[in-house]
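Student: I have a structure open and I want to learn how to read it. Where should I start?

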Amino acid sequence: MSNSSMSLPGGKPVPLIDLKAQFQPLKDEVFKEFESIFESMYLFLGKNVQAFEKEFAQYCDCAHGIGVGSGTDALHLALLACGVKPGDEVITTSYTFIATFEAIAYVGAIPVFVDIDPKTYLLDPSQIEAAITPKTKAIIPVHIYGQMVDMDPLMDVAKRHGLKVIEDACQAHGATCKGRKAGSIGDAGCFSFYFSKNLGGYGEGGFVTTNDAEINARIRLLRDHGSPRKYEHAEIGFNARLDELQAAILRIKLRHLSQWNQLRRQHAQRYDELLADVGVVTPFIDSRGESVYHLYVIRTPEREALRTKLTESQIGVAIHYPIGIHQQEVFLKRFEQRFSLPVTESVCREVLSLPMFPELTNEQIEYVVHCLQ
Ligand SMILES: *Cc1c(COP(=O)(O)O)cnc(C)c1O
């Protein structure tokens, strides 16, 4: 590719994610569903939530699925349903969105961080065993960027030590590892429908998948004020319901999810090819699994210079994540434990997320790569 300047594709900036492009072909269907909900004014826990719970649980190869208010709620309620109590330790990764940590703190538990794999940036299952103490109660693997943690060694350690496993699949709707779906392997799987996720609503939403009937029943109770029947309350629950409007949108979008994930993989492959000679590290995907490329993240010591260059070229970029949780002010203020995680710390200094969404065009990808060199 030439070094001469290239003009913006279609004369428009390249966003990090393009929700307007996704909305256009869905518009009529979405408005029709909205109209019928507004006419019935059945806004919570109605037929859309019930249908979506079945459909998304099935999509994840799980027996049960519960719609909740957000991915954060999903993690919080899953920890409660798994019996994690104040003072218990939960092993997880520091290289994640803050909500993974917040959910642990909400139940009064103590996060214990293990370092990540230097190639995949996923929690390294081989480091779990050394982090286990008599207080350890659960493990939260995070399927970061849309690639699953290798669950076999993780489940093996969990079984040997009697630990619960809660998958944070908030970035991994539809991802697989060795033919198994994200959210279907641990005791519970947690999903977010925040607008930017692979499956996103137009407000807040989340989901818990499980094959355990007791966890299912408990989360159903907890998400709706501990209420098994109207006006009866069995325990202190939460206001953590998925609403009908979000469920209706998610049902429509779910029909496109596999194709959208496939398009993301094609775009990633195109980026990989074009970036081969650019001198940045492209994502490493374990061939035993399929990533859904929630994000396309490159690694380079020149991160700051490249970020400036792309921003000046009107390309949307972001950093996921610039600071590990173990170095965040909120963690340092609230917890006494200190962690040295050399891989996490160096990755935090060097990662850069490039535009990634199903509607991305080859022209846009070429422009991004052109601007990177
Ligand atoms: C988005 C996300 C969450 C939280 O989901 P919300 O719906 O925003 O509450 C949790 N964990 C990870 C890894 C996420 O990416």
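Tutor: We will go through the ligand site, then some backbone features, then a few loop residues. Keep in mind that this is a predicted model.

Student: How many residues surround the ligand, and which are the closest?

Tutor: Start by listing the residues around the ligand. Here 15 residues surround the ligand. The closest are Gly 71, Thr 72, Asp 168, Ser 192 and Lys 197.

Student: Which atom of Thr 72 lies 2.4 Å from an oxygen atom of the ligand?

Tutor: Look for pairs of N or O atoms within 3.5 Å. For Thr 72, a polar side-chain atom lies 2.4 Å from a ligand oxygen atom. Gly 71 uses its backbone instead: an N or O atom there lies 2.8 Å from an oxygen atom of the ligand. Asp 168 has a polar side-chain atom 2.9 Å from a nitrogen atom of the ligand.

Student: How much of the ligand does the protein bury?

Tutor: Alone, the ligand exposes 380 Å². The protein buries 94% of that. The ligand takes up the space of the largest pocket.

Student: Which elements give two or more residues to the shell around the ligand?

Tutor: Sort the shell by element. Two or more residues come from each of α4 (71-81) and α5 (98-106). The largest share, 3 residues, belongs to α4.

Student: How many residues of the shell are nonpolar, polar or charged?

Tutor: Now sort the shell by class. There are 5 nonpolar, 8 polar and 2 charged residues.

Student: Let us turn to the backbone. Which residues does a cis peptide bond join?

Tutor: Check the omega angle. Between His 320 and Tyr 321, omega is about 15°, and the peptide bond is cis. Tyr 321 sits in the loop between α10 (303-312) and α11 (329-334).

Student: Where are Lys 178 and Tyr 293 found?

Tutor: Both places are loops. Lys 178 is in the loop between β6 (176-177) and β7 (180-181). Tyr 293 is in the loop between β10 (289-290) and β11 (296-299).

Student: Where does Phe 44 lie, and what separates its C-alpha atom from that of Gln 246?

Tutor: Phe 44 lies in the loop between α2 (27-40) and α3 (47-59). Phe 44 and Gln 246 are 202 residues apart along the chain, with 9.9 Å between their C-alpha atoms. Phe 44 counts as partly exposed because its relative accessibility is 42%.

Student: Which backbone nitrogen does the side chain of Asp 212 reach at 2.8 Å?

Tutor: Find the loop, then follow the side chain. Asp 212 is in the loop between β9 (206-210) and α8 (213-223). Its side chain reaches the backbone nitrogen of Glu 214 at 2.8 Å. A polar atom of the Asp 212 side chain also lies 3.1 Å from the backbone nitrogen of Ile 215. At 28% relative accessibility, Asp 212 is partly exposed.

Key: Residues numbered from 1 in each chain as written. Predicted model: local features only at pLDDT ≥ 70, side-chain atom pairs only at ≥ 80, totals over all residues. Heavy atoms only, no water. Near = heavy atom within 4 Å. Polar contact = N/O pair within 3.5 Å; in protein donor to acceptor, adjacent residues only side chain to side chain. Areas by Shrake-Rupley, 256 points an atom, 1.4 Å probe, with all protein chains shown as cover. 1 Å grid on protein atoms, 1.4 Å probe; cavity = no way out; pocket = protein on both sides within 12 Å on 5 of 7 lines; lining within 4 Å. Sits in = over half its atoms within 2 Å of the grid points. Helix = DSSP H or I, 4+ residues; strand = E, 2+ residues; numbered from the N terminus. Nonpolar A, V, L, I, M, F, W, Y, C, P; charged D, E, K, R; others polar. Buried < 20%, exposed > 50% of the residue type's maximum accessible area, 1.4 Å probe, protein only.
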